[in-house]
Amino acid sequence: MEMSRNASSGDRRIVIEGVGHQYRRGARALDGIDLKIEGGLFGLLGPNGAGKSTLMKILCTLLVPSEGKASVGGFDVVRQRGEVRKLIGFLPQEFSAWRVQRVHEVLETMLLLSDHCDRAARRERVDKVLEAVGLSEVADRKVKKLSGGMRRRLGIAQALVHEPPFLVVDEPTVGLDPEERLRFRGLMAELAKDRSIILSTHIVGDLGSGCEDLALINRGKLVFRDSPRELIKRARGRVVELALSGGDESVATDRLEIVSRTTEDGWVRIRGVLIGDSTLDGAKEVEEPNLEEAYLAFMLEATGASLDQSREVF
Ligand SMILES: Nc1ncnc2c1ncn2[C@@H]1O[C@H](COP(=O)(O)OP(=O)(O)OP(=O)(O)O)[C@@H](O)[C@H]1O
Ligand SMILES: [Mg+2]
């Protein structure tokens, strides 16, 4: 699908310098974040409360940072917020559409608000974006009759309809079933070909293979910034596999953060990350940890704490 009118030209960078944020009545949500992002699909990972949504709202000009500065495509998010808004499409974590509107009406309303007034052109744009997210067949359906996955895709459509070169999506797969998630990953990889996408999630599997660059934040601080490959490299030696007969897992649970568990012929096969300096008899090192295991290994080391809340199974 060609939706790259604005997307192919111009500065594709997001630059974040010393950004901190303190909510008036609340926690210190961000602290000294420095980050340069260039094109493609960028993953922003972190457990609940890490500050992901706060950072995204700052980039989308919905929140003024207490400290530091940020720019999108060369425009400052505070001083040039009008310019930034034209460049960015945003799917907020709590996206919802007016339930009685029809799918195409939601998008036409969005376009009207961003002053695309020619009716035929509007209609054409809406059709194009609906096709891109796979919603053409339900264009006339009311929002309240969409499935959860379709609603998230409508969320993406509303973020894309003005053809922005930057797309910011905050936890886009919450509540989706595995099949919808897979589809969503494919859509993100496709869209990332001709625009910059920042995708925040605490479900590591959602980044998919289209993501070559990521950052981890924890308690408002940037703790890692590199490729998924590098994160996996760092986890080597800490991810192990263990087969237990009889299913008594208690030997493992206090020394291992378990990531996956499969049962086969009465044996339970467990994969997970060793906690601290633990060793575990009979455990075999996993040569190629997956990204979820690598993320967990990193966060366990960085925080020394359990990350139960971020362990939603993919
Ligand atoms: N409007 C607000 N007022 C006060 N504190 C807030 C507000 N919004 C968020 N916070 C706090 O700021 C911190 C960061 O929240 P934020 O929503 O940015 O995290 P997150 O990484 O998006 O988490 P999640 O994965 O749960 O969406 C948290 O401690 C949160 O409680
Ligand atoms: Mg959030």
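**Conventions.** I number residues from 1 along each chain as its sequence is written, and I letter chains from A and number ligands from 1 in the order in which they are written. Because the model is predicted, local features need pLDDT of at least 70 and side-chain atom pairs count only at pLDDT 80 or more, while totals for chains, interfaces and linings use all residues.

**Ligand 1.** I looked up the surroundings of ligand 1 and found 16 residues, a residue being near if its C-beta atom, placed from the backbone, lies within 6 Å of the molecule. The closest are Tyr 23, Gly 26, Lys 52, Ser 53 and Thr 54. Helix α1 (residues 52-59) gives the most to this shell, with 3 residues; helices (H or I, at least four residues) and strands (E, at least two) are DSSP runs, numbered from the N terminus. By class, I get 4 nonpolar, 9 polar and 3 charged residues in the shell. Ala, Val, Leu, Ile, Met, Phe, Trp, Tyr, Cys and Pro count as nonpolar, Asp, Glu, Lys and Arg as charged, and the others, Gly among them, as polar.

**Sheet.** Next I traced an open sheet of 4 strands, in the order β12-β13-β11-β14 with antiparallel pairing; two strands pair if DSSP finds at least two bridges between them. At the edges are β12 (256-264) and β14 (284-285), each pairing on one side only. I find 8 bridges joining β12 to the antiparallel β13 (residues 267-274). Thr 262 has Arg 269 of β13 as its bridge partner, and Leu 256 stands opposite Leu 274 in β13. The hairpin of β12 and β13 has 2 residues between the strands, and Asp 265 takes a positive phi near 45° there.

**Helix pair.** Then I checked α3 (residues 103-113) against α5 (residues 148-160): they pack at an angle of about 25°, with axes 9 Å apart. Axes are lines fitted to C-alpha atoms, for helices over the stretch in contact, and angles run from 0 to 180 degrees between N-to-C directions. The two helices are therefore roughly parallel, the term for angles under 35 degrees. From α3, Val 103, Val 106, Leu 107 and Met 110 make the contact, and from α5, Leu 154, Ala 157 and Gln 158; contact requires C-beta atoms, placed from the backbone, within 7 Å. I sort these contact residues into 6 nonpolar, 1 polar and no charged.

Definitions and conventions
Parallel < 35°, antiparallel > 145°, perpendicular 65-115°, else oblique. Contact = placed C-beta atoms within 7 Å.
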